[in-house]
Amino acid sequence: MEHITLLLAIVVVTALVFDFTNGFHDTANAMATTISTGALKPKAAVAMSAALNLVGAFLSVEVAKTISGGIINEKGIRTEVIFAALVGAILWNLVTWLLGLPSSSSHALFGGLIGAAVMSAGWSSVNGSTVVTKVLLPAVAAPIVAGVASMLATRLTYRINRNTDEKATAKGYRAGQIASAGLVSLAHGTNDAQKTMGIITLALVTGGVLHPGANPPMWVIVSAGMAIAMGTYLGGWRIIRTMGKGLTELAPPQGFAAQSGAATVILASSHLGFSLSTTQVCSGSVMGAGLGRKGGVVRWSTATRMFIAWGLTLPAAGLVGAGAEFLTGQGTWGVVLVAILLIAGSGFIWKLSRRQPVDHNDVTATVPPAESPAEPAGVVTTAIAAVTPPPTVAAVAADLTATIPAPAPVAPADPARPATV
Amino acid sequence: MHIDWAALGTVFGVSLIVTVGLVGLFTVGIVGLSKQQSAAAGKGNVAVARTTAYLCFALCAAAVAYGINLIVGK
């Protein structure tokens with residue numbers, strides 16, 4: 001490993017950090033409904049999900065050949081661009097986690113990549129129509145496909161079991177739900193750990209450590225698998241609470257229908273050639289199951305907040321990615337500065353989260369005021385209240401500037417604007 | 001811009017049928033098992049209820065195995 005430069009080392013570590021945030025951000029997909037219906041105890045649920053993610057990481061030998069699947073032109077991509085993209089994706093993942101909103105980690109990565117690539121090589125490096133077909137359209141389709149499937153499944157299951165005792169069937173539903181949740185975890189480990197391995201491998205190839213087309217070294221596979229599993233085990237309790245309790249209240253039959261629908265849609269979409277985001281599929285399933293039961297309600301205010309977060313994912317991660325790319329373009333000091341800003345920003349978000357921590361003990365507590373996802377007072381509440389598109393970007397930016405002495409990620413984003421219009 | 005509506009439609013159709021089918025099957029299994037309990041208490045046919053239930057669960061298990069196969073075989 002004598003050839004690994006400082007920049008390359010930073011990129012590898014950042015990619016693993018992204019993998020880690022991806023893990024705890026996405027625990028909710030597999031385990032939120034499992035926890036909220038009581039199928040598994042919170043700690044047992046995340047442990048099982050983490051183990052399956054780890055197994056999943058080792059299952060598939062095929063590593064993602066591209067990071068973005070054609071969204072940006074990756075020919076001759078510089079290592080700094082990958083780094084800047086990861087910074088954007090990590091910060092957006094942390095902000096949405098702080099607000100307890102499920103949003104797609106892959107879309108955050110795409111956003112960061114787009115921002116960094118535009119800053120580095122101009123708008124021509126972004127393939128606009130691929131953005132529509134791979135990000136925007138799936139974001140609309142995923143909740144509809146998964147929602148309709150889960151809603152009909154919920155209706156059917158309530159119809160078939162209408163003459164049976166609820167208590168007698170609950171155990172069976174919970175067992176079925178655990179199986180579906182296991183499938184979702186396994187698929188997540190295979191897909192998303194693979195993605196990080198792809199990023200690290202690509203960075204190593206770009207840096208000249210590996211020859212093009214090489215398979216990832218063992219240490220890359222092991223560390224990517226461990227990072228995603230550790231993230232999963234840590235548990236993104238805020239997001240789990242939103243998904244398991246905040247969107248709707250789920251009874252065991254609904255939880256089973258939602259999780260089975262999610263598992264089916266995820267597998268069907270990745271094997272029939274129309275990739276859908278796991279997070280968006282799972283959120284859609286939960287809402288569908290909520291609507292499928294007689295008298296079931298979906299809290300649309302929470303759902304709306306979530307949809308807005310989905311819409312903001314690309315631009316927000318893109319702005320941070322562009323800002324980070326601007327700084328890394330200034331030379332080694334810029335790279336180091338971005339690394340410091342990333343650590344400071346993450347630390348600040350973590351500190352904000354401690355004002356009202358959510359952990360495995362209160363994750364199933366009923367979400368306090370009916371219409372709110374139950375977030376802390378102070379800064380965070382303001383940020384939530386401000387979840388109308390422009391203010392949130394502002395709030396996010398404000399968070400960053402507040403942490404950081406230099407107005408870094410905001411100011412450099414501006415020079416990109418003239419190019420936009 | 002090329003949008004692959006056929007793939008999207010297939011995903012939608014397959015997801016819908018498989019989800020509803022599996023959930024329905026599993027529910028029939030669960031209901032069969034709970035009937036088995038009441039059948040043991042003196043009404044209905046225990047053997048039929050139990051066989052149906054196990055058949056349903058076996059089909060669901062096969063579906064899960066196929067799912068794992070899809071994940072691994074990618």
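Reader: How many of the 15 residues of α10(A) are buried?
Author: This is a predicted model, in which local features need pLDDT of at least 70, side-chain atom pairs count only at pLDDT 80 or more, and totals for chains, interfaces and linings use all residues. Residues are numbered from 1 along each chain as its sequence is written, while chains are lettered from A and ligands numbered from 1 in the order in which they are written. A residue is buried if 20 or more other C-beta atoms lie within 10 Å of its own, exposed if 12 or fewer, and partly exposed in between, with C-beta atoms placed from the backbone. α10(A) is largely enclosed by the rest of the structure, because its count of buried residues is 14.

Reader: What distance does α10(A) reach from its first C-alpha to its last?
Author: Helix α10 runs over residues 278-292 of chain A (helices, H or I of at least four residues, and strands, E of at least two, are DSSP runs numbered from the N terminus). The expected span of a helix is 1.5 Å times one less than its number of residues. Close to that expectation, α10(A) reaches 21 Å.

Reader: Good, and how many helices and strands are in chain A as a whole?
Author: Chain A has 421 residues, of which 60% count as buried. Of its contacts between residues at least 6 apart in sequence, 87% join residues at least 24 apart (a contact means C-beta atoms, placed from the backbone, within 7 Å). Its secondary structure is 15 helices and zero strands.

Reader: How many residues of α6(A) are buried?
Author: Helix α6, residues 166-206 of chain A, reaches 58 Å between its end C-alpha atoms, close to the 60 Å expected. After it comes A:G208, with a positive phi near 85 degrees. α6(A) is mostly covered, and of its 41 residues the buried ones number 31.

Reader: Is α6(A) roughly parallel or roughly perpendicular to α9(A)?
Author: Axes here are lines fitted to C-alpha atoms, for helices over the stretch in contact, and angles run from 0 to 180 degrees between N-to-C directions. The axes of α6(A) and helix α9 (residues 252-271) of chain A are 8 Å apart, at an angle of about 25 degrees. Angles under 35 degrees count as roughly parallel, over 145 as roughly antiparallel, 65 to 115 as roughly perpendicular and the rest as oblique. The angle therefore makes α6(A) and α9(A) roughly parallel.

Reader: Which hand does the crossing of α6(A) and α9(A) have, left-handed or right-handed?
Author: The residues that meet include A:Y173 and A:L183 in α6(A), with A:F256 and A:I266 among those in α9(A). By class, this contact has 13 nonpolar, six polar and one charged residues (Ala, Val, Leu, Ile, Met, Phe, Trp, Tyr, Cys and Pro count as nonpolar, Asp, Glu, Lys and Arg as charged, and the others, Gly among them, as polar). A crossing is left-handed if the near helix is turned anticlockwise from the far one by less than a right angle, and right-handed if clockwise. For α6(A) passing α9(A), the crossing is left-handed.

Reader: How many of the 20 residues of α9(A) are buried?
Author: The end C-alpha atoms of α9(A) are 29 Å apart, which agrees with the 28 Å that its 20 residues should span. A:G273 follows α9(A) and has a positive phi near 85 degrees. α9(A) is mostly covered, with a buried count of 18.

Reader: At roughly what angle do α6(A) and α7(A) cross?
Author: Helix α7 spans residues 218-234 of chain A, and α6(A) passes α7(A) in a right-handed crossing. Among the residues making the contact are A:M197 and A:I200 of α6(A) and A:I221 and A:I228 of α7(A). The two axes come within 9 Å, and the angle is roughly 130 degrees.

Reader: Which helix supplies the largest share of the side of chain B that touches chain A?
Author: The contact takes 32 residues from chain B and 43 residues from chain A. On the chain B side, α1 (5-40) and α2 (46-72) each supply at least two residues. The largest share, 22 residues, comes from α1(B).

Technical notes: Two residues are in contact if their C-beta atoms, placed from the backbone, lie within 7 Å.
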